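Here is a short tour of a ligand site and a few residues in the loops. Keep the viewer open as you read along.

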Amino acid sequence: MERVRLSSLLDAGIETPFFIYSAAQLAADWQAYAEAVAGLDAIVGYAVKANSNPALLRRLAGFGAGAVVVSDYELRLALESGFAPQQMLMHGNGKRPRDLEAALRAGILLSVDSEFDLEQIISRATALGVTARLLLRVNPDIDPQVHPYISTGLLDSKFGFAEGAVERLRPRLQKLSSVEVVGLHCHLGSTLKSVQPLRDAARLLAVLVNELRRDGHPIQILDMGGGLGIDYSRGRDKIPTPDEVTEAVRPVLDELGLQLFLEPGRSLVARAGALIGRVLGVKDNGRKHFVVTDASMAQLIRPCLYGAFHSIELLEESVAGPQLAFDVVGPICESSDFLGQGRLLPTPRPGDGVIIYDAGAYGFAMSSRYNLHLGCAEYLVDGDSLRRVRTAETFDDLSRHFSDEPISVGTRQPSARPAARD
Ligand code: LLP
């Protein structure tokens, strides 16, 4: 990775598994977005959920990215990492009171996901004496052709207002206090391999922009969400570039004089990161060959959860064993604990290094402590420098939260209802 030899980390005895990120790849992926929006009035807001390590956040903030958050702690971390509140937005189909409070105090944009969300934002903003700027989240019922768990733009999704629901909301929007609607948002889904759904969605939103403007709302922002895929196959998939994304929506922006907001997560950080593990052993159950590694679904749940493909290689180039089709699996007590299936690899020896590519997005961020495999370390490579940007969790970190103490929640009043006859 850049000028650091990954196998030298293993030779040095660094504990596996761990995530490692390349600063140069992060900068290159940011650059593609920066060029795509050059000459446009646009904010590229990084979706913090994809990877919230502050070392990456600080770099993205330094490049000029905005930030898209979904909780009060994401918001806090983003602010501490240097993102400007004027370039930030909070989403959520169920914003908790603490999330709303934090977003309204920071003065960032908020999306509105439902009628109840609107009413809660209004009452909280009124109580705080602030005026919140809102984007209406529209569900355009357009199929992004991705895994159902990460598809958000069809009517069976829990997110946003269907087109008809926006129509029904218009009278309510005429009587707003403490909030103003300044834009429209949609996010069709993640791992998009085509910009056509974005083009279609932008056209559909344009109609609503005109209607809302006719109602007197100062609509300035068109937020097309995130979702651009990456080539996890490393060479086989043709994925659109950020430039193709902006070209797909540019006619609508020009026609209506709108500012563009984009919310990429994966396409900014996935390629920059890899998960590194060590081989624990090789086994053969008579039907299949397995490479068992210390990296598992506890660090990277994507293969288990979405059947996602990540390219996997052995780190050592001189591995001598015969090439076989292996399932690369972790040590977690679940049959779904696999990182890759049927992968052609030379037979490794115990202790050999394994690299799982393109794990920078939704890797550590979705990791769990299942089987008490605790949070692993993260490293950042920049040229020939190597920094640890997160230490691995320890047993002490875990046990600090165990407690056994009485708590008082008030006593139950005797029931006023007459006792049942029988
Ligand atoms: N904006 C909104 C409203 C979103 O819901 C998401 C992702 C993004 C932006 C960023 O999407 P991206 O550019 O990263 O695709 N855990 C899944 C992905 C879940 C995405 C959730 N929302 C995975 O590992 O593939």
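A polar contact is a pair of N or O atoms within 3.5 Å; inside the protein, one of the two must be able to donate a hydrogen and the other to accept it. With that in hand, please bear in mind that this is a predicted model.

Let us begin with an example in a loop. The side chains of aspartate 358 and arginine 234 form a polar contact at 3.0 Å. Aspartate 358 belongs to the loop that runs between β16 (353-356) and β17 (377-382). Is aspartate 358 buried or exposed? Its relative accessible area is 1%, so aspartate 358 is buried, the cut-off for that label being under 20%.

Now for the ligand. Which residues are closest to it? The ligand is surrounded by 17 residues, and the closest are Ser190, Glu263, Arg302, Tyr306 and Tyr362. By type, the shell divides into six nonpolar, six polar and five charged residues. The space that the ligand takes up is the largest pocket.

| Protein residue | Protein atom | Ligand atom | Distance |
|---|---|---|---|
| Serine 190 | side-chain N or O | oxygen | 2.3 Å |
| Glycine 227 | backbone N or O | oxygen | 2.8 Å |
| Lysine 49 | polar side-chain atom | oxygen | 3.0 Å |

On its own, the ligand has 580 Å² of accessible area, and the protein covers 91% of this.

Next comes glycine 226, which you can find in the loop between β9 (221-223) and α9 (242-256). Its relative accessibility is 11%, so glycine 226 counts as buried. What is the C-alpha to C-alpha distance between glycine 226 and glutamate 263? The two are 4.2 Å apart in space, although 37 residues separate them in sequence.

One more loop residue is worth a look. Serine 81 sits in the loop between α4 (72-80) and β4 (88-90). A polar atom of the serine 81 side chain lies 2.7 Å from the backbone oxygen of leucine 77. With a relative accessible area of 8%, serine 81 is buried too.

Terms used. Residues are numbered from 1 along each chain as its sequence is written. This is a predicted model: local features need pLDDT of at least 70, side-chain atom pairs count only at pLDDT 80 or more; totals for chains, interfaces and linings use all residues. Side-chain values use heavy atoms; hydrogens and water are left out. A residue is near a molecule or strand if one of its heavy atoms lies within 4 Å of it. Accessible areas come from the Shrake-Rupley method with a 1.4 Å probe; for residues, only the protein chains shown count as cover. On a 1 Å grid over the protein atoms alone, a cavity is a set of points where a 1.4 Å probe fits but cannot get out, and a pocket is an open set with protein on both sides within 12 Å along at least five of seven lines; lining residues have an atom within 4 Å of a point. A molecule sits in a cavity or pocket if more than half of its atoms lie within 2 Å of its grid points. Ala, Val, Leu, Ile, Met, Phe, Trp, Tyr, Cys and Pro count as nonpolar, Asp, Glu, Lys and Arg as charged, and the others, Gly among them, as polar. Helices (H or I, at least four residues) and strands (E, at least two) are DSSP runs, numbered from the N terminus. Buried means under 20% relative accessible area, exposed over 50%, partly exposed in between (1.4 Å probe, protein chains only).
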